[in-house]
Protein chains: 2
Amino acid sequence: MRVRVVVAYDGTDYSGFQRQTNAPTVQAALETTLAQVTQEEITILAAGRTDTGVHAVGQVIAFDTAWRHDLGDLRRALNAVLPADIAALEVEEAAPDFHPRYDAHSRRYRYTLHNATVRQPLKRRYSLHIAALLDVAAMQQAAQALVGEHDFATFGQPPQGLATVRRVLLAEWGGEPPHLTFDIEANAFLYRMVRSIVGTLLQVGQGKMDVAKFVAAMTACERRRAGPTAPPHGLCLMEVKY
Amino acid sequence: MRVRVVVAYDGTDYSGFQRQTNAPTVQAALETTLAQVTQEEITILAAGRTDTGVHAVGQVIAFDTAWRHDLGDLRRALNAVLPADIAALEVEEAAPDFHPRYDAHSRRYRYTLHNATVRQPLKRRYSLHIAALLDVAAMQQAAQALVGEHDFATFGQPPQGLATVRRVLLAEWGGEPPHLTFDIEANAFLYRMVRSIVGTLLQVGQGKMDVAKFVAAMTACERRRAGPTAPPHGLCLMEVKY
């Protein structure tokens, strides 16, 4: 039976999602727990490979198992054994050929800012503190230029192959000050694309780049035209749609 | 000059507020930073001594200093030197005899619950996960019995002396499910009083104690009638009023 699991994690203490030798990863923690709970050797498939320090509340994984009990029991067993910074939110049976990455229609990420003069210790793990007053209207206007099918080579490199064209379905600032959120949904993302976009939008928000220059940077398809890449701890994989 | 500072901290990695030998405390971190920034030996006064693991966004401290520059400069210097889990939110001059504990009119604490079947890793540091469905109406009704001047001996011991009578000004459940918040404001609190009250209210919410029995436990003034003390990580000192 193929099982589909929606996974949440605090990425702070992991060297990203994908398994590596000699570094703690979310994939390794999940596979170790699955082996312990099912007594099988299980390799998981995942919708996306989040970077070191990036969080998730809607990562999707799939695996095959001979589990004979209720899937609610599997969810409870996984959550009892998983470390406190990883949880299995939903556990469901999937079609035998379900692939969380290839079958995904789109992914949505959220980047969270804490925009206030003084930093706030209780927000520091899941948001980026920006002391400078941001021009949110300018950032919103620049973000709108991202929507549609574009070559995003300015904002990242492809995880494989050479194609840098992606289709952005949504790119929008929201939230309640001092907490600002940037939601971006696309069919797929380049490596570090969201963080590169956020870092460049922050240049716009701080008046270091105007909206026209942001659009010119994007259409130039030159990596060096992007702003500094925003740090990972403000980023969270929210949802994968099928 | 006496200076009043509103302090926020993530209590996770501290053995409470008050200075101790051989354990990291918020007071020690603040005094070390003040010594470094002002080049004076400074002992601080504080509004309340939060326990190990308890957070704050509105702790108030005061100290005397010969600081000759702008107080905005002092705030910036403190926040540059303080560890990431402590911040000075507001820095103001106070009356020479201002005492953050004795002059306080009331304190407000908030206890946060994450009430959902599955735990949520990104909420785990600042809220208590409760999987059982809670009867919030019953918890609200029981909480109302706390308001007013009562002997709260059931819910804690006095930090000094013998008096266990306190005046509760507000005791109210709120929040948006799955996040529930319990706000309680009182002239002062007994040692572990908020966590003992929350633990007892959770017995009510889970149907293990009815509202009448909660009121009877309170009026009995017997420590053994309280429910288990709720863990510290859901608790935050929100505000001290003067």
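This is a predicted model: local features need pLDDT of at least 70, side-chain atom pairs count only at pLDDT 80 or more; totals for chains, interfaces and linings use all residues.
**Entry on Phe63(A).** I placed Phe63(A) in strand 3 of chain A. I then looked up its accessibility: the relative accessible area of Phe63(A) is 2%. Because the cut-off for buried is under 20%, Phe63(A) is classed as buried. I also checked the separation of Phe63(A) from Trp173(A): the two are 110 residues apart in sequence, and their C-alpha atoms are 35 Å apart in space.

**Entry on the interface.** I next turned to the two chains. I noted that 26 residues of chain A are in contact with 26 residues of chain B. The area buried between chain A and chain B is about 2,000 Å², and carbon and sulfur atoms give 59% of that area. Which three residues supply more than any other three of the area that chain A buries against chain B? I recorded Arg119(A), Leu122(A) and Arg124(A), which supply 32% of that area.

**Entry on polar and charged pairs.** I looked up the pairs across the interface and noted 12 residue pairs in polar contact, both residues at pLDDT 80 or more. In one salt bridge, the side chains of Asp10(A) and Arg124(B) meet at 3.0 Å, N to O.

I then asked which elements of chain A each supply at least two residues of the side that touches chain B. They are strand 1 (2–9), strand 3 (55–64), helix 2 (71–81) and strand 4 (86–94). The largest share, four residues, comes from strand 4 of chain A. By residue class, I recorded the side of chain A that touches chain B as 16 nonpolar, four polar and six charged residues.

**Entry on His99(B).** Where is His99(B) found in chain B? I located His99(B) in the loop between strand 4 (86–94) and strand 5 (106–115) of chain B. Is His99(B) buried or exposed? His99(B) counts as buried, because its relative accessibility is 15% and the limit is under 20%. I noted that a polar atom of the His99(B) side chain lies 3.0 Å from the backbone nitrogen of Arg101(B). Leaving aside neighbours within four places in sequence, I found His99(B) in contact with Leu45(B), Ala104(B) and Tyr242(B).

Conventions. Residues are numbered from 1 along each chain as its sequence is written. Chains are lettered from A and ligands numbered from 1 in the order in which they are written. Side-chain values use heavy atoms; hydrogens and water are left out. Contact means heavy atoms within 4.5 Å. Buried area is the accessible area (1.4 Å probe) that two parts lose on being put together, summed over both. A salt bridge is a side-chain nitrogen of Lys or Arg within 4 Å of a carboxyl oxygen of Asp or Glu. A polar contact is a pair of N or O atoms within 3.5 Å; within protein, one must be able to donate a hydrogen and the other to accept it, and residues adjacent in sequence count only if both atoms are side-chain atoms. Ala, Val, Leu, Ile, Met, Phe, Trp, Tyr, Cys and Pro count as nonpolar, Asp, Glu, Lys and Arg as charged, and the others, Gly among them, as polar. Buried means under 20% relative accessible area, exposed over 50%, partly exposed in between (1.4 Å probe, protein chains only).
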